[in-house]
Amino acid sequence: MNFNSTVKIKKTLIGINKPTIFIAEIGSNFNGNLKKAKNLIYAAKESGADVAKFQHYSADTLVSDLGFRKLKNNSSHQKNWSGSVFETYKKASLNPDWTAELKKTCDEAKIMFMTSAYSFELIDFVLPFVPALKIGSGEITWHEQLKYVSKKKKPIFLATGASNLSEVIEAVNIISKHNKNLVLMQCNTNYTNSSENLKFLNLSTIKVFQTIFPGIITGLSDHTQNDDAVLAAVSLGARVIERHFTDSTKQSGPDHSFSTDIKSFKKLILKVKELEKMLGDGIKRVEHNEKETIIVQRRSLYAKKEIIKGEKITKNHIIPLRPCLKDSIPANGIAKLIGKKSIKNIKCGDILKKEYFNN
């Protein structure tokens, strides 16, 4: 299967030789308040993010109240929620009537508006407002939805948390039949914010994705607060980074504790920009700041002893020394010089030049 190696989101190009794109996942961190949601959009822009992202869902089409009440030993991050899972999702859900206002705010802030929509109806509802669609990790085995989203012909970001490789391949196969604009994102779906989670990030999966799906754009949906994880992912070729975003990790709510605040998000983006400068474009060259060093570090050929005009050159006449001046014979020219005759007298220690010898 073939994928577009460059994906265009509005005017932004995403690809291996393009700058890393940052998604600030606001999610439910607006605490049910429209004004706070709008403030977080501006904060995301201030932090340097390219995308302010929300989630569109309704509790009754996302979770089963009965199912979660019957679930025993739920030791995930949800165990710390004050209300039931159903009640928490219901309280945290975004009012769809705010969508147009949030999109308008993003336009004013000059940041892209995106969302994850968790039902067919909501996918259709958000479609006019977004340049791309994000599919969360929990949807990866809902093939009917994958097919539905892929037919909308908008770029897709697919998170792959809590899935195995065969499930990812199956999901990608379904999407690729209808849509070649895919960003495949490695993800570890654990929201406990424990430092123990770092050993489960399995960032090398990014390279596996690139091998199995040649040309595909990769990314990282990160639920840690560890910048090294993001820097490693970018080094491996990830070009989209998604982090949950908040104005304070001390607030109560399902997502704040594992989110990244404004100052930390900005710091992370600056780190990545510095890393990108260090990674370069992969073309090996003499860099601008090495142009003087190349002269003083490299060797060229010098006369090890006096050379008489007409004398045939042997290895005993030559010594490679620094510096390698512009008109000298570089050290790798020694084999071609052996056997030639000098057309002039050369003093011991003189720089050897091509014009001193016969052709």
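Arginine 243 counts as buried, at 1% relative accessibility, where buried means under 20% relative accessible area, exposed means over 50% and partly exposed lies in between (1.4 Å probe, protein chains only). The model is a predicted one, in which local features need pLDDT of at least 70 and side-chain atom pairs count only at pLDDT 80 or more, while totals for chains, interfaces and linings use all residues. Residues are numbered from 1 along each chain as its sequence is written, and side-chain values use heavy atoms, with hydrogens and water left out.

The side chain of arginine 243 meets that of aspartate 222 in a salt bridge of 2.6 Å, N to O, a salt bridge being a side-chain nitrogen of Lys or Arg within 4 Å of a carboxyl oxygen of Asp or Glu. Because aspartate 222 lies in strand E9 (residues 217–222) and arginine 243 in strand E10 (residues 240–244), the pair ties together parts that are 21 residues apart in sequence; helices (H or I, at least four residues) and strands (E, at least two) are DSSP runs, numbered from the N terminus. Aspartate 222 is also buried, with a relative accessible area of 2%.

By this rule, the count of salt bridges comes to 18. One of them joins the side chains of aspartate 107 and lysine 10, at 4.0 Å from N to O. Since aspartate 107 belongs to helix H5 (residues 99–109) and lysine 10 to the loop between strand E1 (6–9) and strand E2 (12–15), this pair ties together parts that are 97 residues apart in sequence. Aspartate 107 is partly exposed, with a relative accessible area of 37%, and lysine 10 is partly exposed with a value of 46%.

A salt bridge is also formed by aspartate 227 and lysine 271, whose closest N and O atoms are 3.1 Å apart. This pair links distant parts of the chain, with aspartate 227 in helix H10 (residues 227–235) and lysine 271 in helix H11 (residues 262–279), 44 residues apart. At 13% relative accessibility aspartate 227 counts as buried, whereas lysine 271, at 31%, counts as partly exposed. Salt bridges that share partners, in turn, join Glu25, Lys53, Lys134 and Glu242 into one network.

Helix packing was examined next. Two packed helices are described by the angle between their axes and the distance between the axes. The axes of H1 and H11 come within 8 Å and cross at roughly 30°, the axes being lines fitted to C-alpha atoms, for helices over the stretch in contact, with angles that run from 0 to 180 degrees between N-to-C directions. The crossing of H1 and H11 is right-handed, a term used if the near helix is turned clockwise from the far one by less than a right angle, and left-handed if anticlockwise. The contact (heavy atoms within 4.5 Å) is made by Ala43, Glu46 and Ser47 of H1 and by Ile262, Phe265, Lys266 and Ile269 of H11.

Helix H1 (residues 34–47) also holds lysine 36, which counts as buried at 17% relative accessibility. The side chains of lysine 36 and glutamine 251 are joined by a polar contact of 3.3 Å, that is, a pair of N or O atoms within 3.5 Å, of which, within protein, one must be able to donate a hydrogen and the other to accept it, residues adjacent in sequence counting only if both atoms are side-chain atoms. Residues up to four places away in sequence not being counted, lysine 36 touches Asn29, Phe30, Asn31, Asp247 and Gln251.

In helix H7 (residues 143–150), the buried residues are Gln145, Leu146, Val149 and Ser150. Seen down the axis of H7, these residues fall within an arc of 130°, so they line one face of the helix; the arc is that of the directions from the helix axis to the C-beta atoms. They pack against strand E5 (112–117), helix H6 (120–126), strand E6 (133–135), strand E7 (156–159) and helix H8 (165–176).

Backbone geometry was considered last. Most residues other than glycine have a negative phi, and most peptide bonds are trans. Asparagine 31, although not a glycine, has a positive phi of about 55°; its place is in the loop between strand E3 (21–25) and H1. Alanine 162 likewise has a positive phi of about 55° and is found in the loop between E7 and H8, where it counts as exposed at 71% relative accessibility. A cis peptide bond, with omega about 0°, joins arginine 322 and proline 323, and proline 323 lies in the loop between strand E12 (318–321) and helix H13 (334–337).
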